[in-house]
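Reader: I've got a model to go through with you. Can we start once it's on screen?

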Amino acid sequence: MNYSYNWRLENSYAHLPEHFFTRINPTPVSKPRLILFNADLAKFLGIDLPIDDKDTLAQLFSGNKLPDDAKPIAQAYAGHQFGHFSILGDGRAHLIGEQVTPDDRRFDIQLKGSGPTPYSRGGDGRAALAPMLREYLISEAMHALNIASTRSLAVVSTGESVMRASVLDGAILTRVASSHLRVGTFEYAKATQGLEELKQLADYAIARHYPELNDHENPYLGLLNAVIEKQAKLVAAWMHVGFIHGVMNTDNMTISGETIDYGPCAFMDIFSMGAVFSSIDSRGRYKYGSQAHAAQWNLSRLADSLLPLLDKDADKAVKLAEVAIGGYSITFNEAWIKGMRCKLGLFGEEADDVSLIQGLLDWMQNSKADYTSTFRHLTQENTPENEIYNSMEFKKWHTLWKRRLTRNSKPLKASFCLMRESNPVIIPNNYYVEEVLVQAENANLKPFLSLLKALKNPFEETLSNQAYRNPAIRPDPNYQTFCGT
Ligand code: AMP
Ligand code: MG
């Protein structure tokens with residue numbers, strides 16, 4: 001049978017020097033079964049797949065059968081994991097090719113959980129069903145929240161077991177990304193390759209993501225600044241929706257500015273700057289309130305890696321890198337304040353806006369308020385009846401905020417409109433995410449599909465998301481997420 005289906009697969013990454021990857025096929029699985037398929041995304045990518053032929057899709061998205069032009073590789077990279085440098089690489093993923101869309105955009109098509117590679121370092125190369133469903137759900141939710149993210153095209157169960165703390169069903173996720181170039185790819189080049197290879201990688205990243213930099217007087221400094229800007233804005237966007245990535249290692253930070261690797265991530269329920277859910281992050285290195293700093297630390301690793309390209313004179317190169325990294329905080333703060341003004345319906349800029357925003361966050365932290373619903377409640381002209389809104393501290397803040405709204409350059413109606421566009425009704429709430437995953441593991445996918453549908457339209461109160469706005473749901477204070485599963 002022919003598995004081409006209008007794929008337009010290219011393999012530009014594999015034109016880099018061979019140390020950047022290994023050619024290797026996915027390991028076939030015994031009984032692939034299609035669990036999820038993202039028909040809208042397939043259409044966007046321009047792949048004309050037989051959506052009713054589940055067996056064919058299962059063969060394709062398990063890696064058992066490959067599209068005609070697929071040339072699978074595992075990518076090499078390194079990374080600082082919780083501050084410690086390691087040589088890594090795709091230990092359980094295969095890049096089968098880059099799909100060129102009808103409008104000539106290029107996306108990596110990667111199978112995750114598709115078998116061991118030379119970079120597996122003792123791992124089994126496989127993934128379990130629930131974590132792959134979780135990545136599908138949360139990455140698609142992020143996309144719907146207008147936050148740059150890798151996407152999910154399919155989940156296939158393998159019919160094989162994977163050994164974790166218990167025996168679990170195996171699965172493969174098809175991930176779609178602008179690219180899988182990471183900060184860690186540059187660290188790998190710097191640590192193991194020569195200047196020429198580093199330059200080739202940087203030129204490739206520029207051509208793929210920032211082609212406008214070709215005219216820049218120092219394209220490599222331009223690349224560093226461009227990634228700094230993208231990541232500063234990305235992390236600000238995470239902060240606005242209460243997203244905690246959970247494992248912001250440099251191998252999990254993209255050059256494109258997309259969120260990647262949904263392992264131990266979670267959305268904050270009760271507001272706390274110290275919120276951390278990841279079981280392996282006992283010291284809170286990647287807690288909610290540390291994400292901006294963690295990103296800057298990672299970007300400094302990118303700057304380190306690019307130093308030899310920034311200037312022939314090492315001292316000058318360091319100076320250029322320092323100025324670039326210094327720019328991160330400015331861009332992050334601007335993006336953060338801009339987004340918070342939108343969340344509170346503030347037009348124009350007043351000097352006291354930051355303390356007004358901080359005042360609300362302090363109150364939320366002290367009162368253990370739910371992050372998403374507090375902002376959504378503020379979008380209603382009258383704050384709902386709820387004990388916590390009766391406190392003096394909240395009333396004082398509310399009066400200040402209302403006064404600030406009267407000084408807006410636009411009418412009150414415009415503020416509420418802006419707030420409704422900026423504050424989601426629904427995010428992947430931990431309680432519901434866990435509930436639907438448990439059901440899915442027990443062969444009942446219906447609740448998962450219902451939550452997935454609700455998350456497609458996060459800024460509107462719809463019938464599909466009504467069930468997930470239940471104020472009676474109280475978060476589990478011991479909730480933990482896990483990675484690498
Ligand atoms: P992550 O924590 O998912 O970002 O993964 C960190 C590194 O561990 C990457 O190099 C992965 O490819 C590798 N890895 C994670 N899980 C496995 C596994 N089950 N088998 C082989 N390699 C893995
Ligand atoms: Mg990773």
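Reader: What does glutamate 98 form a salt bridge with?
Author: Glutamate 98 pairs with arginine 208, the closest N and O atoms being 3.8 Å apart. A salt bridge here is a side-chain nitrogen of Lys or Arg within 4 Å of a carboxyl oxygen of Asp or Glu. This is a predicted model: local features need pLDDT of at least 70, side-chain atom pairs count only at pLDDT 80 or more, and totals for chains, interfaces and linings use all residues. Residues are numbered from 1 along each chain as its sequence is written, and side-chain values use heavy atoms, with hydrogens and water left out.

Reader: How many salt bridges between domain 1 and domain 2?
Author: Five. Domain 1 is 9–177 and domain 2 is 182–425 + 469–485; the bounds come from an automatic or database domain assignment.

Reader: And how much area do they bury between them?
Author: About 3400 Å², 62% of it on carbon and sulfur atoms. That is accessible area (1.4 Å probe) lost on putting the two parts together, summed over both.

Reader: New topic: α9. Which residues are buried there?
Author: Asp353, Leu356, Ile357, Leu360, Leu361, Trp363 and Met364. Buried means under 20% relative accessible area (1.4 Å probe, protein chains only). Helices are DSSP runs of H or I, at least four residues, numbered from the N terminus.

Reader: What comes after α9?
Author: Lysine 368, with a positive phi near 55 degrees.

Technical notes:
Chains are lettered from A and ligands numbered from 1 in the order in which they are written. Buried means under 20% relative accessible area, exposed over 50%, partly exposed in between (1.4 Å probe, protein chains only). Helices (H or I, at least four residues) and strands (E, at least two) are DSSP runs, numbered from the N terminus.
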